[in-house]
There are 2 protein chains.
Amino acid sequence: MPEAAQPKVAPSGRVVELAGGVGGAKLAQGLQAQVGDRLTVVVNTGDDVERHGLAIWPDHDTVMYTLAGLDDRERGWGIRDETWTAMDQLGRLGEETWFRLGDRDLATHIVRTARLAAGGRPTDVARHLQRALGVAATILPMTDAPVRTEVRTDEGWLDFQTYFVGRQQQPTVHEVRFRGVDEAAQTAEVVASFDRLGPTDAIVVAPSNPIVSIGPLVALRGLRSAIAAARERGAPVVAVSGIVGGRALKGPADRMLVSLGHESSALGVARLYAEWVDTFVIDTIDADLAPAIQALGLRVVVTDTIMTDDAARTRLAGDVLRAAIP
Amino acid sequence: MPEAAQPKVAPSGRVVELAGGVGGAKLAQGLQAQVGDRLTVVVNTGDDVERHGLAIWPDHDTVMYTLAGLDDRERGWGIRDETWTAMDQLGRLGEETWFRLGDRDLATHIVRTARLAAGGRPTDVARHLQRALGVAATILPMTDAPVRTEVRTDEGWLDFQTYFVGRQQQPTVHEVRFRGVDEAAQTAEVVASFDRLGPTDAIVVAPSNPIVSIGPLVALRGLRSAIAAARERGAPVVAVSGIVGGRALKGPADRMLVSLGHESSALGVARLYAEWVDTFVIDTIDADLAPAIQALGLRVVVTDTIMTDDAARTRLAGDVLRAAIP
């Protein structure tokens, strides 16, 4: 089927992806392979954290390193050809070391922190780093304002990285909040990326954690309105389920869905997105869920959603873009 | 002469060393071997610089790494077991890389910068780092206020590190200034370290660059008064010449002395120190200069001042302490 390998998105079509970390980055790579610099990735900033006085943006950097071709495939996170000398020395200096920062990765945080301290806007600082690494797409922080994801567990409220890295996602999550999100303004760049969209473009929701990766993005009032306005102009919204066969491919999304009273399935995710998404992409393994998801008013596309290698990323991105504009 | 190997400084004697970088660090190591935690090193801060948003204190760190036994002997600067991954990546991110910062060294700058940004006083931050690395002696920045050494060359005024590292000390220095020194207050810790001194203690001036290492220290009003007050109480001041056989052992001190109208010799250095020093230690190679230096009103001690290894550092420190309290 050579025809199927050709995405139907118009050559002039623009794509805006809403993304968290690893899953968002993999699909972003496929989308970048399909549409190049017509891709804008709006990334969750709720996971951002300050460590050792440095501004760390895990989701932004995962997407950036992946789109720059610098991601470490074996480790599954961070940057390739990494060393850990500074971390070792930070430990000797009495610093906590559970949040591992490689030497190459540190360069990103150092440059970012210096530019922010000098008054740089987060969006401008992000673009500087992306350009320096030769990323074709545009990666935009969802806001320049501080938003911090926190989860309530039996140990009380934990900031996201303490839960995610420090406690290795072991505590059960009873509640999630995005501190600062009500006051956070959308950026001109994020608004503009949506304002350009019409019927031959697409908004793609990555197979990221629906609660703590996509959640903060759509909790942002300005971003929600921008999506709504784009839909009114006919721009399609297509989401990919990050839950396959009832399990999260990576991370705690499945357990989090359950402990928060949702269903850990593609259907559970579809219910969370039903109001603002047109098309839902599920894995072939979940094909039997299609009728229930269609009953929510969503169009369903069934395909192989597991992105094992570069080819699979590009193929899924093509499927997603064809699903968006049928 | 087993007797000669025993310094005459009293067991209760305290030693305050005024020091710049490498020469000061080597003698500090010898002094620490002689008197342990009774050593306080007051370091020049005029070379301090901000790079990539990080607070870099070259003289403090050289002394700290040396006293912690972490200094890289082969390279002659920085810390042992160093790697350069972050620097490589900083270059890829478009940063200037002529000021080389190793990954292990970066940990020091990261912790320091974070603590300063959190409102830490430079002296407290310095002590935290020294304690973390197990340094027996106390290393004090000469002031908590910013003082910046600048040199006027044919290329105009350059900040010290641009001249020293960036231009590799090639431009001729016509003038030197210590920006901020007139407003810089002495710290309580520096004052206290001198206030404790009496006739059985010693103030030691390291064989550092007399213009840009010792110069900023004695340009600091509070420090000059503290030395004067200690001398009035009978505390001896002994200086070691950093010029041997007319040449600086390291760095541009010899050329700098000449271009600023001084003599590049132990005598030239002695003339700069004559007003506030009691005893001057010169190398055996310069023994013929002793009468001229004595004519300045200084006592002269002649010994081998070249610190080739640990034993030589300890031996010279012993000689210096014996010279201080004859």
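In this predicted model, B:His109 is buried, because its relative accessible area of 1% falls under the 20% limit for that class. B:His109 belongs to helix H4 of chain B, which spans residues 103–117. The points below begin with this residue and the helix that holds it, and then turn to other parts of both chains.

**B:His109 and its surroundings**

- The side chain of B:His109 forms a polar contact of 2.8 Å with the side chain of B:Arg112.
- When residues up to four places away in sequence are not counted, B:His109 touches B:Leu54, B:Ala55, B:Ile56, B:Asp61 and B:Leu101.
- B:Asp61, one of these partners, is also among the residues of H2(B) that meet H4(B).

**Packing of H2(B) with H4(B)**

- Helix H2 of chain B, residues 58–67, packs with H4(B) at an angle of about 120°, and the two axes are 12 Å apart.
- The crossing in which H2(B) passes H4(B) is right-handed.
- On the H2(B) side the contact involves B:His60, B:Asp61, B:Met64 and B:Tyr65, and these meet B:Asp105, B:Thr108, B:His109 and B:Arg112 of H4(B).
- The residues of this contact between H2(B) and H4(B) comprise 2 nonpolar, 3 polar and 3 charged.

**Packing of H3(A) with H4(B), across the two chains**

- H4(B) also packs with helix H3 of chain A, residues 85–92; the axes come within 7 Å and cross at roughly 50°.
- H3(A) and H4(B) are therefore oblique to each other, and their crossing is right-handed.
- H3(A) contributes A:Thr85, A:Ala86, A:Asp88, A:Gln89, A:Leu90 and A:Arg92, which meet B:Asp103, B:Arg104, B:Ala107, B:Ile110 and B:Val111 in H4(B).
- By class, the residues of the contact of H3(A) with H4(B) are 5 nonpolar, 2 polar and 4 charged.

**Packing of H1(A) with H2(A)**

- Within chain A, helix H1 (residues 22–35) and helix H2 (residues 58–67) pack at an angle of about 35°, with axes 9 Å apart.
- H1(A) and H2(A) make a right-handed crossing.
- A:Val22, A:Ala25, A:Ala28, A:Gln29 and A:Gln32 of H1(A) make this contact with A:Thr62, A:Val63, A:Thr66 and A:Leu67 of H2(A).
- The residues of the contact of H1(A) with H2(A) divide into 5 nonpolar and 4 polar, with no charged residue.

**A:Glu189**

- A:Glu189 is located in helix H7 of chain A, residues 188–195.
- The side chains of A:Glu189 and A:Arg121 are joined by a polar contact of 2.4 Å.
- With neighbours within four places in sequence left aside, A:Glu189 is in contact with A:Arg121, A:Thr123, A:Asp124 and A:Leu140.
- The C-alpha atoms of A:Glu189 and A:Gly23 are separated by 23 Å, and the two residues are 166 residues apart along the chain.

**B:Asp201**

- B:Asp201 lies in the loop of chain B between helix H7 (188–195) and strand E9 (202–205).
- With a relative accessible area of 6%, B:Asp201 is buried.
- A polar atom of the B:Asp201 side chain lies 2.6 Å from the backbone nitrogen of B:Arg14.
- The side chain of B:Asp201 also reaches the backbone nitrogen of B:Gly198, at 2.6 Å.
- B:Asp201 and B:Ile282 are 81 residues apart along the chain, and their C-alpha atoms are separated by 21 Å.

- A:Gln169 has a positive phi of about 60° although it is not a glycine.
- A:Gln169 is placed in the loop between helix H6 (160–166) and strand E8 (175–179) of chain A, and at 15% relative accessibility A:Gln169 counts as buried.
- B:Asp81, which is not a glycine, has a positive phi of about 50°.
- B:Asp81 is found in the loop between H2 and helix H3 (85–92) of chain B, and B:Asp81 is exposed because its relative accessible area of 54% is over 50%.

Technical notes: Residues numbered from 1 in each chain as written. Chains lettered and ligands numbered in written order. Predicted model: local features only at pLDDT ≥ 70, side-chain atom pairs only at ≥ 80, totals over all residues. Heavy atoms only, no water. Helix = DSSP H or I, 4+ residues; strand = E, 2+ residues; numbered from the N terminus. Buried < 20%, exposed > 50% of the residue type's maximum accessible area, 1.4 Å probe, protein only. Polar contact = N/O pair within 3.5 Å; in protein donor to acceptor, adjacent residues only side chain to side chain. Contact = heavy atoms within 4.5 Å. Axes fitted to C-alpha atoms, helices over the stretch in contact; angles between N-to-C directions. Left-handed = near helix turned anticlockwise from the far one by under 90°. Nonpolar A, V, L, I, M, F, W, Y, C, P; charged D, E, K, R; others polar. Parallel < 35°, antiparallel > 145°, perpendicular 65-115°, else oblique.
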